[in-house]
Amino acid sequence: MKHLFLIIGAPGSGKTTDAELIAKRNSDKIAHYSTGDLLRAEIKKGTPLGATIASYVDNGQLVPLEIVMDTIKNAILNNDKEIILIDGFPRSVEQMEALEEMLKQNPDIKLEAVIEVVVSEETARERVLGRQRGADDNEEVFNNRMKVFLEPLPQIEKFYESKGLLKKIDGERSIEEIVEEMEKFILEKVKS
Ligand code: AMP
């Protein structure tokens, strides 16, 4: 049985940093994938697929469903860790529905929780514009990414809340505090 945790949050919420630290601290049993990092890795390879992905990422748009689902499937299936953390997914209602379908077809994967790292828009903006990680870290693209993040959020929250799977974590605190709470939640969930 593979235990799946999804971590969502605005650009700049810290979701990738948090998940990465938790996986590092528990490397015997936890694997972590950032959807954004996986997509950026494909862009770096310089393949035709990478060029297609770049045309969306550079504008803060969502990469098409099929590409994202293939990326997620490969991440889940290509490792033997007991717990898998994926951040940056799902980011749309259609991704959420495609995941439901995938889970139905793979009963050995159990979705344990969807963790939302909550930060204000001001915090997200300050962090993203301060870090300049890539071509998509400028103000205009940030505004678009924020809009793309917020638009489906109520429906995504409602769906997972109704299944008892939504866990909100306050992302405005120090990394240590956030990681501590998230790690405890994940490890206890898998134990029970
Ligand atoms: P992130 O690193 O999570 O902020 O993601 C950076 C960019 O990668 C996003 O602005 C999207 O263009 C793309 N991306 C990341 N996750 C997804 C996803 N689940 N679906 C579609 N596109 C994504």
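A cavity is here a set of grid points where a 1.4 Å probe fits but cannot get out. In this predicted model, one cavity of 30 Å³ or more is counted. Rolling a probe the size of a water molecule over the atoms shows where empty space is left.

The secondary structure of the chain consists of nine helices and five strands, which follow one another along the sequence in the pattern β-α-β-α-α-α-β-α-β-α-α-α-β-α. The radius of gyration is 16 Å, close to the 16 Å given by the globule rule for 192 residues, so the chain is as compact as a globular protein of that length. The C-alpha trace spans about 45 × 40 × 30 Å along its principal axes.

Of the 192 residues in the chain, 48% are buried. Among contacts with a separation of 6 or more, 76% are accounted for by residues 24 or more positions apart. The accessible surface of the chain amounts to about 9,800 Å², and carbon and sulfur atoms hold 50% of this surface.

The largest cavity contains about 70 Å³ of space. Its lining is formed by Ile8, Gly9, Lys15, Gly88, Phe89, Pro90, Arg91, Val148, Phe149, Pro152, Leu153 and Ile156. Two or more of the lining residues come from each of the elements β1 (2-9), α7 (139-150) and α8 (153-162). By class, the lining of the largest cavity comprises eight nonpolar, two polar and two charged residues. Lys15 and Arg91 are among the residues that line this cavity, and both Lys and Arg count as charged.

The elements α2 (35-44), α3 (48-57) and α4 (65-77) each give two or more residues to the lining of the second largest pocket. Of the contributing elements, α4 gives the most, with five residues. Six nonpolar, two polar and four charged residues make up the lining of the second largest pocket.

Conventions. Residues are numbered from 1 along each chain as its sequence is written. This is a predicted model: local features need pLDDT of at least 70, side-chain atom pairs count only at pLDDT 80 or more; totals for chains, interfaces and linings use all residues. Side-chain values use heavy atoms; hydrogens and water are left out. On a 1 Å grid over the protein atoms alone, a cavity is a set of points where a 1.4 Å probe fits but cannot get out, and a pocket is an open set with protein on both sides within 12 Å along at least five of seven lines; lining residues have an atom within 4 Å of a point. Grid points are joined across faces, edges and corners, and a volume is the space filled by probe spheres set on the points. Helices (H or I, at least four residues) and strands (E, at least two) are DSSP runs, numbered from the N terminus. The radius of gyration is taken over C-alpha atoms; the globule rule is 2.2 Å times the number of residues to the power 0.38. Buried means under 20% relative accessible area, exposed over 50%, partly exposed in between (1.4 Å probe, protein chains only). Contact means heavy atoms within 4.5 Å. Accessible areas come from the Shrake-Rupley method with a 1.4 Å probe; for residues, only the protein chains shown count as cover.
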